[in-house]
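This report describes selected features of one protein model.

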Amino acid sequence: MAVPLISSQPFLVFFSFFTLCLLADPVLGITRHYKFDIKLHNVTRLCRTRSIVSVNRQFPGPRIVAREGDQLLIKVVNHVPNNISIHWHGIRQLRSGWADGPAYVTQCPIQTGQSYVYNFTIVGQRGTLFWHAHISWLRATLYGPIIILPKRGVPYPFAKPYKEVPIIFGEWFNTDPEAVISQALQTGGGPNVSDAYTINGLPGPLYNCSAKGTK
């Protein structure tokens with residue numbers, strides 16, 4: 001006696017619907033691409049101009065904006081004589097320790113003319129952190145904010161802000177910070193203090209010449 005075949009059409013319909021639901025799920029993160037070109041450019045502060053190491057000719061460097069659950073692919077290209085590595089300060093590197101950035105600890109630094117792609121996913125974090133160079137004192141000019149938004153559909157743990165303005169505190173040296181730390185290592189003393197404290201790369205109004213010639 002012939003046995004009737006069970007139609008697979010309902011299963012296919014269900015499977016297709018389930019697959020579409022997964023693909024359309026707003027909770028899943030996306031992949032965000034950034035490119036950091038490490039280059040020298042002239043910056044004037046306190047009426048003195050000097051060449052600094054920067055990202056994309058910005059000081060402070062560009063902001064990274066992502067949502068919780070997003071994957072970040074950040075290509076860093078080194079165009080300067082210094083070896084370079086970037087640390088994503090506060091990011092939990094779950095199964096991506098090689099992307100943490102401390103030179104000679106979790107990675108070999110990026111040499112002149114070379115590039116490296118940092119690949120990591122933001123898991124269980126939201127808020128504002130920052131990135132900076134993690135080799136010698138290059139972090140004096142190589143830094144910027146990381147803004148992690150909640151997943152789509154997930155509210156803030158407070159009233160949603162009208163606008164977000166990162167405020168980054170830093171320091172400015174009239175001389176090359178690499179020379180400052182080199183002198184300190186040779187003498188065994190502490191390094192010279194900075195010439196100014198900065199807010200978003202600019203010295204406060206109480207410093208001489210603080211409002212002139214900034215670029």
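**The largest pocket**

In this report, Ala, Val, Leu, Ile, Met, Phe, Trp, Tyr, Cys and Pro count as nonpolar, Asp, Glu, Lys and Arg as charged, and the others, including Gly, as polar. By this division, the lining of the largest pocket consists of 13 nonpolar, 5 polar and 2 charged residues. The model is a predicted one.

The volume of the largest pocket is about 400 Å³. Its lining is made up of 20 residues, and those nearest the centre are F130, R139, Y143, F169 and G170. Two or more lining residues come from each of strand 7 (127-133), strand 8 (143-149) and strand 9 (169-172). Strand 7 contributes the most, with 4 residues.

**Aromatic pairs**

A pair of aromatic rings is described by the distance of the centres and the angle of the planes. There are 9 aromatic pairs in the model. In one of them, the ring centres of W88 and Y118 are 5.3 Å apart and the planes stand at 75°. The pair is therefore edge-to-face, because an angle over 60 degrees is counted in that way. W88 belongs to strand 5 (residues 86-89) and Y118 to strand 6 (residues 115-121), so that the pair links distant parts of the chain, 30 residues apart. Both W88 and Y118 are buried.

W88 also pairs with F120, with 5.7 Å from centre to centre and 40° between the planes, and this pair is tilted. Since W88 lies in strand 5 and F120 in strand 6, the pair ties together parts that are 32 residues apart in sequence. Both W88 and F120 are buried. One aromatic cluster is formed by F36, W88, Y116, Y118, F120 and W131.

**A charge over a ring**

R50 lies over the face of W172, at 4.5 Å from the ring centre.

**Cysteines**

A disulfide is a covalent bond between the sulfur atoms of two cysteines. The structure holds 1 disulfide, which joins C47 to C209 with an S to S distance of 1.6 Å. C47 is in the loop between strand 1 (31-45) and strand 2 (48-55), whereas C209 is in the segment after strand 11 (202-203). The two cysteines are 162 residues apart, and the pair links distant parts of the chain.

How accessible are C47 and C209? C47 has 44% relative accessibility and therefore counts as partly exposed. C209, at 24%, is partly exposed as well. C108 is exposed, because its relative accessible area of 67% is over the 50% limit.

Notes: Residues numbered from 1 in each chain as written. Predicted model: local features only at pLDDT ≥ 70, side-chain atom pairs only at ≥ 80, totals over all residues. Heavy atoms only, no water. Disulfide = S-S within 2.5 Å. Buried < 20%, exposed > 50% of the residue type's maximum accessible area, 1.4 Å probe, protein only. Phe/Tyr/Trp six-rings, centres within 6.5 Å; stacked < 30°, edge-to-face > 60°. Lys NZ or Arg CZ within 6 Å of the ring centre and 35° of its normal. 1 Å grid on protein atoms, 1.4 Å probe; cavity = no way out; pocket = protein on both sides within 12 Å on 5 of 7 lines; lining within 4 Å. Points joined across faces, edges and corners; volume = space filled by probe spheres on them.
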